[in-house]
Amino acid sequence: MPLPKDRKPGQHRDWGWLPVMIVSSFMIFIYYGYLDRIVLVLLWNLNQKAASVGYLVPFHVFILLFIITYARVVSQPPGYAKDNLTGQSTIDPPDCILGDPVWCENCQLWKPDRAHHCRVCDACVLRMDHHCPWMNGCIGVANYRFYIQFLCYVSLLATWIFVTSLIAFIQYHGLH
């Protein structure tokens, strides 16, 4: 399927930003739920204002890192093979280290080593990991680092929320 003329690779779907909006809405829900229900209701009702501040500071650090890395992954292009062609002829095959060069019929160019064609984005992506609808694009050489950071910060945030929520519920309700 050819790209519309006014769109770049990875931006050809009209509904492509819907999963990004779902993740953003989920993040707002988590922020409100943790801040309002866990910290303000449970801990302030127990008169543990110092503990609530101790819960809020790491939470805000983790959520800020979550937002920054998610924005970086979504906004950073994955690294397209078309952008990597500097003075390379489409007639002569390039020198390849990992075997014979491969011609991409869809992009009409020689694919560099470890490049793959994404059917959704309709472009060849350098060191393509996968196409992620939650990021509205491919994870490739240019945004892979931010993707791994995002996964680490999501894990830290989820662990922090789980552990502190469990502690707050045990303090509030007891272990009957």
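This report describes a helix, a strand hairpin and one leucine in a predicted model.

## Basis of the model

Residues are numbered from 1 along each chain as its sequence is written, and side-chain values use heavy atoms, with hydrogens and water left out. Because the model is predicted, local features need pLDDT of at least 70 and side-chain atom pairs count only at pLDDT 80 or more, while totals for chains, interfaces and linings use all residues.

## Helix α1

Helices (H or I, at least four residues) and strands (E, at least two) are DSSP runs, numbered from the N terminus. Helix α1 covers residues 18-45, and its 28 residues reach 38 Å from the first C-alpha to the last, close to the 40 Å expected when 1.5 Å is multiplied by one less than the number of residues.

Among the buried residues of α1 are Val23, Met27, Tyr34 and Leu42, where buried means under 20% relative accessible area, exposed over 50% and partly exposed in between (1.4 Å probe, protein chains only). What covers the buried residues of α1 includes α2 (49-75) and α3 (144-173), and after α1 comes asparagine 47, with a positive phi near 55°.

Alanine 115 has leucine 126 of β4 as its bridge partner, and the four residues between the strands include a turn residue, aspartate 122, with a positive phi of about 55°.

In a regular strand the side chains alternate between the two faces of the sheet. In β4 (residues 123-126), Ala123 and Val125 point one way, Cys124 and Leu126 point the other way, and all are buried.

## Leucine 65

Leucine 65 lies in helix α2 and is partly exposed, with a relative accessible area of 27%. Leucine 65 and glutamine 149 are 84 residues apart in sequence, yet 8.8 Å apart in space, C-alpha to C-alpha.

Conventions. Contact means heavy atoms within 4.5 Å. Two strands pair if DSSP finds at least two bridges between them.
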